[in-house]
Amino acid sequence: MTNWLSQGGLTKAINSPSALFDRFARRVGSLLPKGLYARTLIIIIAPFIILQSVVAYVFMERHWQLVTRRLSSAVTSDIAAIIDVYESYPQDADATTLSNIASDRLGLDIDFLPGTDLPPPGPKPFFSILDGVLSDEIRRQIGRPFWIDTVGRSNLIEIRIKLDKQIMRVIARRSLAYASNSHIFLMWMLGTSMVLLLIAILFLRNQIKPILRLANAAESFGKGRDVTFMPRGAREIRRAGQAFIEMRRRIERTMEQRTTMLNGVSHDLRTILTRFKLSLTFIEDSAELDALRADVDEMARMLEAYLAFARGDTGEQAVPTDIVDTLQAIRSDLERQGEEVTVDVAGPLVVTVRPDAFRRLMVNLITNALRHSVVVEVRAVVEGRWLVLTVDDDGPGVPVDQREEVFKPFVRLDEARNLDEGGTGLGLAIVRDIARSHGGEVTLADSPLGGLRALVKLPV
């Protein structure tokens with residue numbers, strides 16, 4: 001127990017601040033936008049806002065408040081001088097002369113209210129520099145009971161000071177005690193900030209567009225689509241674009257060389273198989289000859305499967321294809337062969353795919369399902385930015401632990417259901433290769449019909 005307290009507890013205490021910081025950082029990161037454009041805007045706007053806030057605070061705290069304090073001090077000094085004159089020298093009735101001097105020379109409207117008292121304190125404003133500064137100056141320079149109202153009338157302030165036998169009321173313009181035009185500076189600051197931010201946003205959009213074009217070109221190339229791309233933008237972005245173009249050229253060159261080599265191999269092997277078949281026609285029929293002919297046919301079929309898998313239909317271009325027409329054509333072909341398939345398509349679906357490759361993908365999945373089941377249902381629907389196709393059957397299915405294995409080339413199941421019975425073990429490997437060449441994926445799952453479900457997702 002002591003050992004845990006001395007080691008484990010100490011380690012936990014040391015690591016807990018870093019763990020809390022990591023958790024806080026992940027939390028903040030999850031709240032931030034994920035796009036480069038939005039993050040760059042934050043990088044530009046956040047320091048700008050902080051700087052403007054600091055400038056506004058310094059201005060408010062130092063300049064504005066200092067000017068307001070000096071103006072309030074001057075008004076309070078004038079009021080204190082009027083009180084001294086009123087109490088030190090004899091006045092005429094109602095202090096008319098003193099009121100005229102205060103009005104003409106000092107801009108203050110004063111009168112005296114005998115037999116009254118100070119009003120009860122009113123509600124204080126939530127944020128008013130004038131209220132606090134003026135109150136402090138009256139306490140410091142006059143030192144008598146007072147009452148002020150800085151919010152009752154927008155352009156005037158009222159001050160009442162209790163003298164020995166009466167109340168002196170002073171009404172002054174707010175501009176005499178308050179820096180009322182300081183908002184112009186804030187408006188100019190905010191206005192210029194908005195203009196600069198607008199220019200920065202427009203400039204940033206132009207810098208982001210080349211990156212988006214590069215990303216779209218890379219995504220289209222990954223889906224097997226041929227797009228025209230020209231590098232633009234800053235030097236680093238142009239360099240990345242040139243690197244992408246060179247990479248695409250090397251990949252296309254490699255694929256072209258492979259296709260040329262496979263075509264040559266295919267031609268040579270087909271020539272040899274044709275010689276075999278021609279030689280077999282001159283031999284008298286027998287059981288051994290029938291077996292030999294079956295072996296030659298099997299070899300030809302296996303050769304076509306190998307070459308198709310290795311070639312991957314790379315020469316075909318992706319074009320907008322009506323998925324509904326393709327699936328209905330497959331269903332019609334199977335019906336002529338005596339097979340029955342249910343096709344359910346939600347709405348018109350036109351997706352950019354390689355038509356022959358897509359047809360081969362669906363034919364492989366459907367024929368595999370028909371080989372081991374009675375009921376086969378095909379559905380197609382667009383979900384967000386994905387075309388989702390499902391092939392369900394009521395067959396024996398595939399064990400969960402073998403559903404990834406069957407996608408590997410030359411893998412054949414020895415269970416009740418063999419997805420490529422009598423074949424080469426390339427059926428599902430070709431299906432997944434075609435799906436991935438379109439930027440999609442194919443997986444296996446349990447079917448609502450009780451058998452196997454093949455789920456294909458292709459980008460729209």
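Select Thr326 to begin, and you will find this residue in helix α9, where helices (H or I, at least four residues) and strands (E, at least two) are DSSP runs numbered from the N terminus. Thr326 is buried, its relative accessible area being 12%; buried means under 20% relative accessible area, exposed over 50%, and partly exposed in between, with a 1.4 Å probe and protein chains only. This is a predicted model, in which local features need pLDDT of at least 70 and side-chain atom pairs count only at pLDDT 80 or more, while totals for chains, interfaces and linings use all residues. Residues are numbered from 1 along each chain as its sequence is written, and side-chain values use heavy atoms, with hydrogens and water left out.

Staying on Thr326, show the backbone of Asp322, whose oxygen lies 3.1 Å from a polar atom of the Thr326 side chain. A polar contact is a pair of N or O atoms within 3.5 Å; within protein, one must be able to donate a hydrogen and the other to accept it, and residues adjacent in sequence count only if both atoms are side-chain atoms. Leaving out residues up to four places away in sequence, Thr326 touches Thr321, Phe358 and Arg359, contact meaning heavy atoms within 4.5 Å. Pro355 is 29 residues from Thr326 along the chain, yet their C-alpha atoms are separated by 8.3 Å.

Next, select Met362, which is, with Leu389 and Val391, one of the residues with the most contacts inside the largest nonpolar core, a set of 37 residues. Such a core is a set of buried Ala, Val, Leu, Ile, Met, Phe, Trp, Tyr and Cys residues joined through side-chain atoms within 4.5 Å. Among the elements that each supply at least two residues of this core are α9 (323-336), β8 (376-383) and β11 (452-459), while α10 gives the most, with eight residues. Setting aside neighbours within four places in sequence, Met362 is in contact with Leu327, Ile330, Val378, Leu389 and Val391. A second, separate core of 27 residues includes Ala102, Phe112, Ile161 and Val170.

Move on to Asp393, in strand β9 (residues 386-393), which counts as buried because its relative accessibility is 2%. Which backbone nitrogens lie beside polar atoms of the Asp393 side chain? That of Gly395 lies 2.9 Å from one such atom, and that of Leu452 lies 3.1 Å from one.

Now turn to the aromatic rings, of which the structure holds two pairs; rings of Phe, Tyr and Trp (its six-membered ring) pair if their centres lie within 6.5 Å, and planes under 30 degrees apart count as stacked, over 60 as edge-to-face and the rest as tilted. Tyr86 and Phe112 are stacked, at 4.1 Å centre to centre and 15° between the planes, and they link helix α2 (residues 36-88) with strand β1 (residues 108-114) across 26 residues. Phe229 and Phe244 are instead edge-to-face, at 5.8 Å and 85°; Phe229 lies in the loop between α6 (183-222) and α7 (235-280) and Phe244 in helix α7, so the pair ties together parts 15 residues apart in sequence.

Finally, select Phe407 and Arg432, where the charged end of Arg432 sits over the Phe407 ring, 3.8 Å from its centre; the criterion is NZ of Lys or CZ of Arg within 6 Å of the ring centre and within 35 degrees of the ring normal. Lys457 lies over the face of Trp386, at 5.3 Å from the ring centre.
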